[in-house]
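Open the model in your viewer and keep the selection tool at hand. The tour goes from one pair of side chains to the next.

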Amino acid sequence: MNYREVTVTGEYVARLETGADWRAEIESLASEVDAEAGWFSAIGSVEDAEVWFYDQDDGEYQSVDFEEPLEVAACVGNVSKLDGELFAHTHAVLSRRSGQALAGHINTATVFAGELYFRAFEEPLTREYDETTALDLWL
């Protein structure tokens, strides 16, 4: 296990802008508060979503598009640097009108309504390629 202590520089709450991209809004807040790393949770709803699932056998993300309104029942993730840019690694559980749950990485999603809690870290965290998993991981 790799780990390190982090110092929290601020805690923020935000309302995501209707019509904006869900993940881009998180990255925008991190940029605005000058945080190169942090942890977040959010709830709300989206008008549509592109969700990724990582295929461990193929070592690639598979994309699934949902062109329908979805509730964001739970959303958690972290912000770090990936290839020199802020990246919000965003996991979510989304639900359809029927109550059916969908889950995965949010790549893109159009915000209908969103509420975000963001905890900024003083120490920057950078994602680097991990040969074991073929993923870009922290530390």
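Select Glu 27 to begin: with a relative accessibility of 17%, Glu 27 counts as buried (under 20% relative accessible area is buried, over 50% exposed, in between partly exposed, with a 1.4 Å probe and protein chains only). The model is a predicted one, where local features need pLDDT of at least 70 and side-chain atom pairs pLDDT 80 or more, while totals for chains, interfaces and linings use all residues. Residues are numbered from 1 along each chain as its sequence is written, and side-chain values use heavy atoms, leaving out hydrogens and water.

Helices (H or I, at least four residues) and strands (E, at least two) are DSSP runs, numbered from the N terminus. Arg 23 is also buried, at 15%.

Next, select Glu 68 and Arg 96, which form a salt bridge of 3.0 Å, N to O. Glu 68 is in the loop between β3 (60-66) and β4 (70-82) and Arg 96 in the loop between β5 and β6, so the pair ties together parts 28 residues apart in sequence.

Now go to Arg 119 and Glu 11, a salt bridge with its closest N and O atoms 3.6 Å apart. Arg 119 lies in strand β6 (residues 101-121) and Glu 11 in strand β1 (residues 8-16), so this pair ties together parts 108 residues apart in sequence. The count of salt bridges comes to three.

Methods:
Salt bridge = Lys/Arg side-chain N within 4 Å of Asp/Glu carboxyl O.
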